Amino acid sequence: MIATESLSKRFPRVTALDRLSVDVGPGVTGLVGANGAGKSTLIKILLGLSPATEGRAEVLGLDVATKGGDIRERVGYMPEHDCLPPDVSATEFVVHMARMSGLPPAAARERTADTLRHVGLYEERYRPIGGYSTGMKQRVKLAQALVHDPQLVLLDEPTNGLDPVGRDDMLALIRRIYADFGISVLVTSHLLGELERTCDHVVVIDGGKLLRSSSTTDFTQNTTTLAIEVTDTDAHPDGTDAVRDALHARGVDVLDADSGLPGAGHILLLTAQGEETYDVVRDVVADLGLGLVRMEQRRHHISEVFKDSDAERKEAVGHGG
Amino acid sequence: MAVEQPTRAGDQTRIHNIGYRSYDGPRLGRAYATRSLYSQSLRGSYGLGRSVKSKVLPMLLFVVMCVPAAIMVAVAVATKANDLPVDYTRYAIIMQAVISLYVASQAPQSVSRDLRFKTVPLYFSRPIETADYVRAKYAALASAMFVLTAAPLLVLYVGALLAKLDFTDQTKGFAQGLVSVALLSLLFAGIGLVIASVTPRRGFGIAAVIAVLTISYGAVTTLQAIADAQGTTDAVPWIGLFSPVTLIDGVQSAFLGANSAFPGAAGPSNGEGVVYVLAVLGLIAACYGLLLRRYRKVGL
């Protein structure tokens, strides 16, 4: 779908992309990076709107430098920012955008009705966009990117500004774009947890450089982490602490849980070495007379990719100094 | 048989959940998209396809443009006059305030909204290029202004023929009038769009366009009147080069058989007229160039 080869983009003062080489196949691909990591610059180059300083990029097998128009006819783009005029209805707006993509008038109207239905806009599509909620506006933005039935859509931060329910809906919709509609998706986000659930493949860039590119299963299934939560009793006012000490005595080290992950403080995380780890935990908790609230397998979070790389970087700096 | 098979309503009113249907019809590409943008913008200039509120002003101005022409025709027919009270070429000069108001209200409507609501990046994520966008918007506003300025001329022409005025005379005058308003439309649309494309704020755009058009016209006519009063009549045509309305006046009085509205009817001679034509064409080209430059930077 997308292939870049030592793609660089330099502005007078900043290097937005630095010899980036990635290969993105069909499916839902997440493009992760902090703000300013070069995500939007990459999208501009992929749409053929901004020339790369060096390197090459191909989208759907078309060179971005020479075939920009052909690419834009087959690719949908949903920008991060607001882009909707408030005084027209969703239907009128999306019909217009469909015609701007080259669809004949009748087809544009038909596709608009279909697409708005698929993104979940019904009666309200005849009302002016100005009165829509953020969630509905995001759906209209998504609809205009899908209305011409592209082979690939580029979604720039589609969950921005949405509440948790809206976020989940949007992510489910993104999943459907590939699963049901057969349209490949490149979705950017700075929230890793979201992409973990939605994407088949994740590309992490930082400072314009490729940090990592692999499938989400690779990211999250290298090792199994166990999460344990226990009750407190009179004998052990801090049950969590008691279990940590007891496990330590049995030679099982507990990972530091207060690393910003949910439930930190009350949840112990440890690496399962095999079947016997489960038995050890059970025995320890039973010996202490505590109640075991939960013991579950937890997948690694993509955020650990960042933590690892940060640690490596610090190490490198440490060695250098 | 047929009687024994009653049609059940459920059979015909069932809602089918047809899943996603892909599109494999024609994709008409860049030129078609540009034409679509042109027609959408042209309709938008008269509030068509937009809210009722946005139809009021352009429609009102259109009516205001045509009513005097209708009255003149009525008078000419009733009094069996030998000629229309106003030349075809002069009509737009007389109605210039209405025309200025129209371009001031519709140029920002056409381009400032796209900037303000950031719709421009969406256009450029489509097959069209920046130059296509500029051409479509420019052509649309110029066409809308041509409709505004040519419609009253058509009223005059039809009225003149009904009043059985001389056909050759009227046709010639009508044709000259059309050429004149076509130039005027291109010039005014260009100036209006260049100013409006600088600001995403519609109010600023409207004020700026009105200011540029009326201040330049006011300054030029004042200077011309002073020059005329002091007897330096030679300077009058040269001063006229500095406002859009007097430019058009100059071109048509030199080449389109119009009587100049300059003080003392001191329109430019043929030689000076060439300078006028060059100035008008140069301005139109400059506006187009500036718009292209403006949008080259917008991007995503």
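**A friendly note on chains A and B**

1. Let's start with chain B: among its contacts between residues at least 6 apart in sequence, 76% join residues at least 24 apart. Two residues are in contact here if their C-beta atoms, placed from the backbone, lie within 7 Å. Please keep in mind that this is a predicted model, where local features need pLDDT of at least 70, side-chain atom pairs count only at pLDDT 80 or more, and totals for chains, interfaces and linings use all residues. Residues are numbered from 1 along each chain as its sequence is written, while chains are lettered from A and ligands numbered from 1 in the order in which they are written.

2. Chain B has 12 helices and 0 strands. Helices (H or I, at least four residues) and strands (E, at least two) are DSSP runs, numbered from the N terminus. Of the 300 residues in chain B, 43% are buried, meaning that 20 or more other C-beta atoms, placed from the backbone, lie within 10 Å of a residue's own.

3. As for its extent, the C-alpha atoms of chain B fill a box of roughly 100 × 55 × 30 Å along the principal axes.

4. Chain A brings 11 helices and 15 strands. Of its 321 residues, 40% count as buried. Among contacts in chain A between residues at least 6 apart in sequence, 70% link residues at least 24 apart.

5. Where the chains meet, 35 residues come from chain A and 33 residues from chain B. On the chain B side, helix 2 (29–45) and helix 6 (120–124) each supply at least two residues, and helix 2 gives the most, with 7 residues.

Terms used:
Buried ≥ 20, exposed ≤ 12 C-beta atoms within 10 Å, placed from the backbone.
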